Amino acid sequence: LPGIPLPPTLVPTSDLGEALARTTAILCVVPSHHVRNVMSEAASRIDGAPIIISASKGIEDESSRTMLGVLEDVLPARLKGRIAALSGPSFAREVARGMPTAVTAASVSAATATQVQSTFTTSFFRVYTSTDVIGVELGGAVKNVIAIGAGLADGLGFGHNTRAALITRGIAELQRLGARMGADPRTLAGLSGLGDLVLTCTGDLSRNRTVGLRLGRGEKLEDIVGDMKMVAEGIRNAKSVHQLAAKVGVDMPITEQMYLLLHEGKPPRQVVIDLMGRELKPEFY
């Protein structure tokens, strides 16, 4: 966050043991594909029973596990009820500048979610609680994929109609996957679902939208990734969400086309042609 001063009480370290010593809360924000390795290494160094908060968004490729599922795999059993996800429409730069923001803390334990809420709430950062962990985590993963599609449409020169259609049909895909996975539909219409999707599909600070935008303008994916200093989770999420949808038998055409675009080299305009040329059907099925 260049140009934004960090609090003097924030002390960086490259020593994992030092970072984890005497903690009451541990925030994991590593890229989703590194969560298992990093937190496996961290597990033996965690003292007591701090709350463990995941702000990483994604689905693990090999296992199709959400990030909290991965944490449950690698952390000591005593921490199972101490794990939470923090998710919602929040660009880091805007939070760092004190702009009003609202997100959701989700845990299977209502008490843990409330503790995360009290830990992170400030005068400009409002945290709601939820026990619908799967709904919150699916929203965080799927929105990254749809945002690449929204950026692609913008890069190809399409207009507001196209973007609105992508966002709305993206929500439909999230709702179908959520229903199959047991998520509360209200969660998918909330901050970590619809809210995060709208932000990521429309905001200029969105890394995933930027990837799609540049692809639509004719740039190569390897060049885009090489230029980026941060991770666009939607690239990997396109594969993992596509795999999850296939496993559970859910129709997710936008996700499928983003997978083909990003991992099979499908041309951007053909993606749009194939989406628009799909078999006609009712809006809700």
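Arg278 counts as partly exposed, because its relative accessibility is 29%; buried means under 20% relative accessible area, exposed over 50%, and partly exposed in between (1.4 Å probe, protein chains only). The model is predicted, so local features need pLDDT of at least 70 and side-chain atom pairs count only at pLDDT 80 or more, while totals for chains, interfaces and linings use all residues. Residues are numbered from 1 along each chain as its sequence is written, and side-chain values use heavy atoms, with hydrogens and water left out.

Arg278 is found in the segment after helix 14 (268–276). Helices (H or I, at least four residues) and strands (E, at least two) are DSSP runs, numbered from the N terminus. Leaving aside neighbours within four places in sequence, Arg278 is in contact (heavy atoms within 4.5 Å) with Asp251, Pro253 and Tyr285. Arg278 and Pro253 are 25 residues apart in sequence, and their C-alpha atoms are 9.0 Å apart in space.

The largest nonpolar core has 38 residues. A nonpolar core is a set of buried Ala, Val, Leu, Ile, Met, Phe, Trp, Tyr and Cys residues joined through side-chain atoms within 4.5 Å. In soluble globular proteins, nonpolar side chains tend to be buried together. Leu177, Leu215, Val241 and Met258 have the most contacts inside the largest core. Two or more residues each are given to this core by helix 6 (133–155), helix 7, helix 9 (191–202), helix 10 (207–216), helix 11 (221–227), helix 12 and helix 13 (253–263). Helix 6 supplies the largest share, ten residues. Leu177 is in contact with Leu138, Val142, Val241, Leu244, Val248, Val250 and Met252, leaving aside its neighbours within four places in sequence. Another core, of 21 residues, lies apart from the largest one and has Val35, Ala42, Leu71 and Ala85 among its members.

The axes of helix 7 (residues 160–181) and helix 12 (residues 233–248) come within 11 Å and cross at roughly 55 degrees. Axes are lines fitted to C-alpha atoms, for helices over the stretch in contact, and angles run from 0 to 180 degrees between N-to-C directions. Helix 7 and helix 12 are therefore oblique to each other; angles under 35 degrees count as roughly parallel, over 145 as roughly antiparallel, 65 to 115 as roughly perpendicular and the rest as oblique. Their crossing is left-handed, a term used if the near helix is turned anticlockwise from the far one by less than a right angle, with right-handed used if clockwise. Leu177, Arg180 and Met181 of helix 7 make the contact with Val241, Leu244 and Val248 of helix 12. Divided by class, this contact of helix 7 with helix 12 has five nonpolar, no polar and one charged residues. Here Ala, Val, Leu, Ile, Met, Phe, Trp, Tyr, Cys and Pro count as nonpolar, Asp, Glu, Lys and Arg as charged, and the others, Gly among them, as polar.

Helix 12 also packs with helix 13, at an angle of about 125 degrees and with the axes 9 Å apart. That angle makes helix 12 oblique to helix 13. The crossing of helix 12 and helix 13 is left-handed. On the helix 12 side, Gly234, Ile235, Ala238, Lys239, Val241 and His242 take part, and they meet Thr255, Glu256, Met258, Tyr259, Leu262 and His263 in helix 13. The contact of helix 12 with helix 13 has six nonpolar, four polar and two charged residues.

Helix 2 (residues 35–43) and helix 3 (residues 67–74) have axes that come within 9 Å and cross at roughly 35 degrees. Helix 2 passes helix 3 in a right-handed crossing. The contact is made by Val35, Arg36, Met39, Ser40 and Ala43 of helix 2 and Met67, Val70, Leu71, Asp73 and Val74 of helix 3.

Thr200, in helix 9, counts as buried at 3% relative accessibility. Leaving aside neighbours within four places in sequence, Thr200 is in contact with Lys143, Asn144, Ala147, Ser206, Asn208 and Arg209. Asp154, in helix 6, counts as buried at 15% relative accessibility. Asp154 touches Arg163, Arg209 and Leu213, not counting residues up to four places away in sequence.

Arg22 has a positive phi of about 55 degrees although it is not a glycine. Arg22 counts as exposed at 76% relative accessibility. Ser64, also a residue other than glycine, has a positive phi near 60 degrees. Ser64 is buried, with a relative accessible area of 12%.
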